[in-house]
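This report describes the fold of a single model, from its domains down to a few backbone details.

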Amino acid sequence: MTVAETENAIKHTDGVIESYGAKRCDLIHILQDVQEEYDYLPRPALERVSEKLNVSLPEVLRVATFYAAFSLEPRGEHLITVCTGTACHVKGAPRLIDALQRDLGLEEGQETTDDMKFTLREVRCVGCCSLAPVLTVDGRIHGNLAPEDISDILEDCF
Ligand code: FES
């Protein structure tokens, strides 16, 4: 973030915190509102939340990393999550991940494509095990998938 972007993030975060009366019990709501603005949780915003709510930064980070809905890094335009819960793993989730990494050109450990179009994440059970293996694209569930289905799913995003 540039200096100006950092200042804006702090100013916006202050507004969010004030809108909740700067109460610690609203930490999750505050983080949700900050994420809604930026589509991720910028570090300066997290530090401001920590300072203003008098909650340690490690505690704020613990909450921010516990919930899969939060992101500490800028995400791509489309968020793809592959379920790696037991049912999906057994039914081929690792092969879906391999196909996605190959088709998106992601290196090992890289989550977001260089053009910021896609972010690929792994999640635990999304609650539709009967459709395993399952992935979601921007929250929409696709089930009973094979690696050959990946290119059609990605094409729908263009
Ligand atoms: S294990 Fe994948 S949806 Fe339950």
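Helices, of at least four residues, and strands, of at least two, are DSSP runs numbered from the N terminus. With that numbering, Pro-133 sits in the loop between strand 2 and strand 3. The model is a predicted one. A cis peptide bond, with omega about 0°, links Ala-132 to Pro-133. Met-116 belongs to the loop between helix 6 and strand 2.

**Domains**

The domain assignment divides the chain into domain 1, residues 3-66, and domain 2, residues 78-155. Taken over C-alpha atoms, the centres of domain 1 and domain 2 are separated by 29 Å.

**Helix 1 and helix 3**

Helix 1 (residues 3-19) packs against helix 3 (residues 43-53) at an angle of about 40°, and their axes are 9 Å apart. Helix 1 is therefore oblique to helix 3. The crossing of helix 1 and helix 3 is right-handed. The residues that meet in this contact are listed by helix below.

| Helix | Residues in the contact |
|---|---|
| Helix 1 | Thr-6, Ala-9, Ile-10, Thr-13, Asp-14, Ile-17 |
| Helix 3 | Pro-44, Ala-45, Arg-48, Val-49, Lys-52, Leu-53 |

Sorted by class, the contact of helix 1 with helix 3 has seven nonpolar, two polar and three charged residues.

Four strands form an open sheet with the order 2-1-3-4 and mixed pairing. Its edge strands are strand 2 (118-123) and strand 4 (140-142), each of which pairs on one side only. On average, and with direction ignored, neighbouring strands of this sheet are turned by 25° against each other.

How do strand 1 and strand 2 run, and how many bridges join them? Strand 1 (residues 78-83) and strand 2 run parallel, and six bridges join them. Leu-79 has Thr-119 in strand 2 as its bridge partner.

Which strands does helix 6 lie across? Helix 6 (residues 93-104) lies across strand 1, strand 2 and strand 3 (135-137). Relative to strand 1, helix 6 runs at about 155°. The loop with Pro-133 then leads from strand 2 to strand 3.

Methods:
Residues are numbered from 1 along each chain as its sequence is written. This is a predicted model: local features need pLDDT of at least 70, side-chain atom pairs count only at pLDDT 80 or more; totals for chains, interfaces and linings use all residues. Two strands pair if DSSP finds at least two bridges between them. Axes are lines fitted to C-alpha atoms, for helices over the stretch in contact, and angles run from 0 to 180 degrees between N-to-C directions. Two residues are in contact if their C-beta atoms, placed from the backbone, lie within 7 Å. Domain bounds come from an automatic or database domain assignment. Angles under 35 degrees count as roughly parallel, over 145 as roughly antiparallel, 65 to 115 as roughly perpendicular and the rest as oblique. A crossing is left-handed if the near helix is turned anticlockwise from the far one by less than a right angle, and right-handed if clockwise. Ala, Val, Leu, Ile, Met, Phe, Trp, Tyr, Cys and Pro count as nonpolar, Asp, Glu, Lys and Arg as charged, and the others, Gly among them, as polar.
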